[in-house]
Amino acid sequence: MKCNAEINRTAKTTVPLGHATVHHEAQAATCTEKGWEAYETCSRCSYTTYQEDPALGHDWGEWNTTIEATEDAEGEQTRTCRRCNYKETVPIPKLTHTHSMEHHPAAAPDCGTGTSGNIEYWSCSGCSKVFRDEDGTDEIDFDQTILSPDHAPVSAWSTDESSHWHVCGKCSQALSPAAHDYDGADDPDCNTCGYTRHIHALTPVPAVSATCSSAGNIEHYRCADCGKLFRDGAGTQELTAEEVAIEKLSHTPEPIPAVPATCEQDGLTVGSKCSVCQEVIIPQATAPALGHDWQPAACETPKTCKRDGCGATEGGPLGHDWTAGWMSDAGFHWHECLRENCGEKSGHAAHIPGPAATETAPQTCTECGCVIAPALEHTHVYDRQSTDARYLKAAAGCTTKAVYFCSCACGEAGTETFEAGTPLGHDWGRYTVTTPTTESSEGVETQVCTRDSSHTRTRAIPKLPARTYGVSGKVHESDKITPAANADVKLVLGDRQIAAAKTDSQGNYSFANVAPGIYNLVAEKDGVTVTVKVEVASANVKVDTITMPLGKTSSVIEVKADDPKENVEAVVGNLEKVFEEVGDDRPFTKTDENTVENGGSVEIKLTVTQTDTDDTSSKIKEALPARASVGLRLELKVSKTVTPYNGVPVSTTIENTDVLLETTIRLPAALQRKGSYTVYRLHGTEVHTLTAKPNEVGEYIEVSSDKTTITIHARLYSEYVIAYQESSGGGSGTYVPSTPVSTPEQPKSDPVCPKDASCPLSRFSDLTPAAWYHDGVHSCIENGLMQGRSDGTFQPNGAVTRAQLTAVLWRLEGSPAVSGGEVFRDVSSDAWCAGAVRWAAKEGIVQGYRDGRFDPGAAVTRQQTAAILYRYALYKGMDVRVGEDTNILSFTDALTVSEYAVPAMQWACGSGVMNGKSQNGGMILAPRDTTTRAQMAAMIARFQSAFTKAI
């Protein structure tokens with residue numbers, strides 16, 4: 001029976017028994033041993049689930065050398081299994097020997113010195129084996145390289161008179177020399193080598209004595225055959241020629257006298273000869289003739305030879321060479337001979353004195369002109385004020401005149417100085433943001449003088465409105481495809497730079513937090529400027545792609561004001577279109593185009609300058625309707641600057657742009673929301689009127705719906721005036737500025753201001769109609785005495801400057817014209833406040849400082865304000881006696897009032913022009929506090945009221 005079958009005896013069938021399973025745990029395989037998964041077996045049968053896992057095998061790491069192999073011994077390396085850490089070690093075979101060959105060149109043996117030679121061979125420095133070749137294939141023994149140094153005798157004999165020998169053919173050494181072998185004295189031939197010897201035939205030579213003219217000799221013998229000399233007749237004592245000869249005897253010298261040379265004949269030098277044989281020892285040499293030693297001719301003697309005994313002459317006397325002019329000393333004059341060493345005088349006589357000496361001329365002799373007495377000493381008087389450049393001490397600066405040294409009539413400069421000319425004035429650049437503005441705080445923008453960077457001025461930037469927007473766009477190169485990377489892009493409003501950025505690699509730029517308004521967008525790269533107009537209304541603005549021009553053509557906008565405190569908001573559009581048309585009758589001519597194509601540049605600039613309305617030309621004033629008033633005066637100038645490549649810039653004025661340009665002007669707060677506006681232009685001698693209706697050339701003006709901006713669409717550029725007329729009818733809360741009269745006036749008796757949206761204060765974001773200052777500010781605004789800022793603020797708590805207070809009184813007086821030049825050195829004749837300051841100073845209303853300054857920008861204090869108003873009241877003839885009865889000692893700080901200001905403060909308090917301020921339960925005057933704009937407006941209104949009551 002099996003596990004899977006069981007016998008059923010009744011049914012005679014089998015039923016499975018089922019396995020009796022036994023569980024076996026898993027055994028993991030190792031590197032060398034097999035393993036298995038967990039499995040079961042049956043204890044009754046062979047059933048099993050066993051599955052075998054083969055051995056894993058070692059997971060070897062890298063081989064590591066533990067013993068380095070050499071040429072003499074094996075090395076050893078080991079590796080380790082990363083799984084079981086089993087180590088396997090195997091030998092490293094010996095290194096194969098590589099010969100390090102040293103070359104031995106062939107050397108010949110030297111039998112003369114006994115030195116052996118060798119053949120050419122190579123040896124290994126490692127194993128010392130020797131080879132016939134460099135490759136080490138032909139091994140030899142070292143002995144096979146050695147060459148023996150044995151002699152090689154030549155068979156022929158070598159001989160001299162006494163011996164014979166054989167010569168080595170290798171080293172030429174004489175081998176075994178031996179004496180000749182003869183049979184007897186008469187035998188001429190050597191028995192060994194065959195050498196034949198010479199047998200002398202001698203004859204005697206007698207002795208000869210030496211003299212000073214010839215040599216002698218000793219007695220000796222001479223061989224007739226070989227010429228050898230011997231002392232004896234047997235020929236055994238050989239002599240040399242020197243040994244036989246006896247030298248000549250020396251001469252006995254005596255001198256040969258010299259013959260002196262003369263001027264014209266040669267002479268002879270000293271010689272010598274032998275007194276015995278008369279032979280000349282030293283020959284005499286010729287001494288050349290000396291030539292004459294001439295004494296130059298003189299005035300009275302001819303040219304003469306100075307040598308003794310000669311006396312020769314040549315030519316005649318020179319005669320005297322008298323001076324053409326007179327020679328003189330303190331008492332006499334004469335003509336003197338100019339010839340050297342003469343010194344003769346002619347006409348020697350005493351001076352004849354002329355007129356006595358003066359400061360400009362000395363006393364001289366009337367005959368010879370000699371100075372007898374010098375001119376009198378000059379006394380400098382530095383009383384001349386010349387502006388010649390040689391007397392310049394310091395050039396004019398922005399705020400200072402040029403300084404010169406005073407000079408004397410003689411031209412010499414002194415040390416005292418004087419001022420002349422006018423200060424240059426600041427050349428202000430564009431305002432740039434130095435402290436960004438936010439929704440909760442004002443910012444600051446700074447303007448730097450291009451003439452002197454240390455001169456700066458700042459002004460506040462109004463807070464950002466509740467909603468601001470983004471401005472973005474792209475700048476392309478002239479091909480309209482390539483992004484213009486790293487271009488400078490600026491957002492500009494009039495004379496202010498709102499923001500600046502650089503384009504990225506794709507030519508993109510963007511600005512955030514931009515308030516709604518109209519701006520100029522300026523793109524600059526590689527000296528080229530493109531200016532376009534962009535408007536931000538109620539959403540983010542995507543500006544059309546700006547394409548930089550192909551050549552250097554620039555469109556530039558400049559906005560400025562004569563009054564540095566004015567904020568001019570002017571934006572210009574379409575200026576870049578001037579370059580789109582080329583023609584000789586257009587601003588961009590064909591010549592200009594050729595200049596650009598040849599590497600030059602052309603810049604067209606529109607300059608907008610806000611000037612004083614008093615400068616309005618008489619022709620425009622005559623053209624104004626009776627009820628029209630001048631609001632703004634603008635100088636609009638278009639200029640073109642052409643600069644050839646490597647050339648000099650040339651600038652010209654363009655009066656007709658041929659393109660309708662758009663110049664948008666934001667009106668100051670005081671000029672906004674008037675009844676109507678008209679623009680007048682003086683072009684040449686003609687006055688043109690621009691209205692909303694286009695003229696014959698398409699020019700017109702466009703007034704915004706809220707009457708805050710005017711856009712001038714024009715082609716001609718010169719003097720522009722924006723005039724306005726007030727709305728007709730009552731109840732609007734507006735007043736028509738009164739015609740200038742001789743006395744200040746109250747505002748007209750219009751209905752009481754409801755202090756709502758119709759109130760002029762509501763036009764300014766920082767004024768509250770219900771505030772304490774309402775009446776004064778309302779009156780000053782509507783009477784044209786004070787204006788707000790172009791940013792829509794009035795700044796009631798801002799400080800009042802000396803220039804501003806003077807200007808208000810001047811306007812109150814009707815802006816009278818006063819002729820004359822500068823009154824104070826820091827108020828130039830073209831300054832915005834010049835007319836007001838000139839009038840006030842003339843009438844004694846304002847005074848300057850001892851150093852000649854007015855200090856127009858200085859903040860004015862409350863006591864200074866009272867003093868100026870007091871002097872203005874005196875000028876108007878007002879009764880100021882109320883001040884005499886006013887006691888200001890009730891104010892706790894009365895004793896801090898300056899002495900000069902006491903009468904003025906008494907009058908101001910007594911007349912009600914100035915009120916005190918509450919502090920700590922008492923009242924103070926605060927005389928040294930700065931006067932605010934709101935306080936000044938209130939004082940002016942009270943002054944007008946007090947004056948009206950007085951009259």
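# Reading burial, salt bridges and strands

Student: At 9% relative accessibility, does Glu569 count as buried or exposed?

Tutor: Buried means under 20% relative accessible area, exposed means over 50%, and partly exposed lies in between, with a 1.4 Å probe and protein chains only. Glu569 has 9% relative accessibility, so Glu569 counts as buried. This is a predicted model, in which local features need pLDDT of at least 70, side-chain atom pairs count only at pLDDT 80 or more, and totals for chains, interfaces and linings use all residues. Residues are numbered from 1 along each chain as its sequence is written, and side-chain values use heavy atoms, without hydrogens or water.

Student: With which residue does Glu569 form a salt bridge?

Tutor: A salt bridge is a side-chain nitrogen of Lys or Arg within 4 Å of a carboxyl oxygen of Asp or Glu. For Glu569 the partner is Arg666, and the closest N and O atoms are 3.8 Å apart. The two residues are 97 residues apart and link distant parts of the chain: Glu569 is in the loop between strand 52 (552-561) and strand 53 (570-573), while Arg666 is in strand 57 (residues 656-666). Helices (H or I, at least four residues) and strands (E, at least two) are DSSP runs, numbered from the N terminus. Arg666 has 28% relative accessibility, so Arg666 counts as partly exposed.

Student: How many salt bridges does a search of the whole structure find?

Tutor: The search finds 28. One of them joins Arg681 to Glu699, with 2.8 Å between the closest N and O atoms. This pair also links distant parts of the chain, 18 residues apart: Arg681 is in strand 58 (residues 676-683) and Glu699 is in the loop between strand 59 (686-690) and strand 60 (700-703). Both Arg681 and Glu699 are buried.

Student: In which loops are Glu813 and Lys876?

Tutor: Glu813 and Lys876 meet through their side chains in a salt bridge of 3.1 Å, N to O. Glu813 is in the loop between helix 5 (802-812) and helix 6 (834-842), and Lys876 is in the loop between helix 7 (862-875) and helix 8, with 63 residues separating the pair. Glu813 counts as buried because its relative accessibility is 10%, and Lys876 counts as buried because its value is 16%. Salt bridges can also share partners: in this way Arg825, Asp851, Arg853 and Asp855 are joined into one network.

Student: Which residues of helix 8 (residues 902-910) are buried?

Tutor: Ala904, Met905, Trp907, Ala908 and Cys909 are buried there.

Student: How many bridges join strand 54 to strand 55?

Tutor: Two strands pair if DSSP finds at least two bridges between them. Strand 54 and strand 55 (residues 629-643) are joined by eleven bridges and run antiparallel. In this pairing, Thr611 has Arg633 in strand 55 as its bridge partner. Strand 54 also pairs with strand 52, in the parallel sense, over ten bridges, and there Ser555 has Ile604 in strand 54 as its partner. Eight of the eleven residues of strand 54 are buried, so strand 54 is largely enclosed by the rest of the structure. The loop between strand 54 (601-611) and helix 3 (618-623) contains Asp614, which is partly exposed, with a relative accessible area of 37%.

Student: What is the order of the open sheet of three strands?

Tutor: The order is 33-34-35, with antiparallel pairing. Strand 33 (327-328) and strand 35 (345-350) are the edge strands, since each pairs on one side only. Strand 34 (residues 332-336) pairs with strand 35 over four bridges, and Phe332 stands opposite Ala350 in strand 35.
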